[in-house]
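Trainee: I have not looked at this structure before, and I would like to go through it slowly. Could we take it one question at a time?

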Amino acid sequence: MKWIVGLGNPGPQYEKTRHNVGFMALDRLAARHGIAVNQSKCKALVGEGMIGGVKTVIIKPMTYMNLSGESIRAYMDYYKASLDDLIVVYDDLDTEIGKIRLRYQGSAGGHNGIKSIILHTGTQQFNRIRMGISRPEPGYAIVDYVLSTFPKKEKEQLDSMIEETCDALEFSLNETFERTMAKFNK
């Protein structure tokens, strides 16, 4: 069994914000495979299904971004899920809009959701896909930027980044994460 966690904030006011690209990617992946992500478990919305012949669990923490690790820890403890089978999908300021970067370990890089996961799992070693949202112009507060929606001029890049993230997730289910990184890190 593989489990994929997308980071974001619950509620309609955050639905289309930069901070919610992790949720957007998981919603698209679930739609591609007819998986309903609507079960309330472990402080998250959860859906289960088969993707590429692999039992896959899609998880969207409902704890708000800064507490994402609570949901992951609860899922790990209840289902005895291994971090080796986890992929976390989230927004990244240091990656250009429309690009994705895959890593299997590393620091939080200032991302509070990742900080929470590291705190609650006790490790920096877990697979992740960072979805680029770029940095704001100088003088623009980071918190306002990540909670803003994408302008029209970035919609095409956003859509292709979500598609590429789903492609990478699907590929990773039947391949090692190292091979997935080799294929999708450009």
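This is a predicted model: local features need pLDDT of at least 70, side-chain atom pairs count only at pLDDT 80 or more; totals for chains, interfaces and linings use all residues.

The conversation below goes through helices, a pocket, aromatic pairs and some single residues.

Trainee: Which residues of helix α6 are buried, and on which side of α6 do they lie?
Mentor: Helices here are DSSP runs of H or I with at least four residues, strands are runs of E with at least two, and both are numbered from the N terminus. Buried means under 20% relative accessible area, exposed over 50% and partly exposed in between, computed with a 1.4 Å probe on protein chains only. In α6, residues 177-184, the buried residues are F177, T180, M181 and F184. Because they cover an arc of only 100 degrees around the axis (taken from the directions from the helix axis to the C-beta atoms), they lie on the same side of α6.

Trainee: What covers those buried residues, and which exposed residues does the opposite face of α6 carry?
Mentor: Contact means heavy atoms within 4.5 Å. The cover over the buried residues of α6 includes β5, β6 (100-103), β7 and α5 (155-172). The face turned away from the buried side carries the exposed residues R179 and A182.

Trainee: Which residues of helix α3 are buried, and what covers them?
Mentor: Helix α3 spans residues 112-121, and its buried residues are G113, I114, S116, I117, I118 and T121. Their cover includes α2 (68-79), β5 (86-92) and β7 (127-132).

Trainee: How much space lies in the largest pocket, and which residues are closest to its centre?
Mentor: A pocket is found on a 1 Å grid over the protein atoms alone, as an open set of points with protein on both sides within 12 Å along at least five of seven lines, and its lining residues have an atom within 4 Å of a point. The space in the largest pocket is about 390 Å³. Of its 23 lining residues, the closest to the centre are H19, L93, G110, H111 and N112.

Trainee: How does the lining of that pocket divide into nonpolar, polar and charged residues?
Mentor: Ala, Val, Leu, Ile, Met, Phe, Trp, Tyr, Cys and Pro count as nonpolar, Asp, Glu, Lys and Arg as charged, and the others, Gly among them, as polar. On that basis the lining of the largest pocket has 9 nonpolar, 8 polar and 6 charged residues.

Trainee: Is H19 buried or exposed, and what is its relative accessible area?
Mentor: H19 is found in the loop between β1 and α1. Leaving aside neighbours within four places in sequence, H19 is in contact with L7, G8, N9, M65, D91, H111, V146 and L147. H19 is buried, with a relative accessible area of 12%.

Trainee: And is G110 buried or exposed?
Mentor: G110 lies in the loop between β6 and α3. With a relative accessible area of 55%, G110 is exposed.

Trainee: Why is the pair of Y14 and Y64 called edge-to-face?
Mentor: Rings of Phe, Tyr and Trp (its six-membered ring) pair if their centres lie within 6.5 Å, and planes under 30 degrees apart count as stacked, over 60 as edge-to-face and the rest as tilted. A search of the whole structure finds 6 aromatic pairs. The ring centres of Y14 and Y64 are 6.2 Å apart and their planes are at 85 degrees, so the pair is edge-to-face.

Trainee: Where is C42, and is it buried or exposed?
Mentor: C42 is in the loop between β2 (39-41) and β3 (44-51). C42 too is not a glycine and has a positive phi, of about 55 degrees. Its relative accessible area is 18%, so C42 is buried.

Technical notes:
Residues are numbered from 1 along each chain as its sequence is written. Side-chain values use heavy atoms; hydrogens and water are left out. On a 1 Å grid over the protein atoms alone, a cavity is a set of points where a 1.4 Å probe fits but cannot get out, and a pocket is an open set with protein on both sides within 12 Å along at least five of seven lines; lining residues have an atom within 4 Å of a point. Grid points are joined across faces, edges and corners, and a volume is the space filled by probe spheres set on the points.
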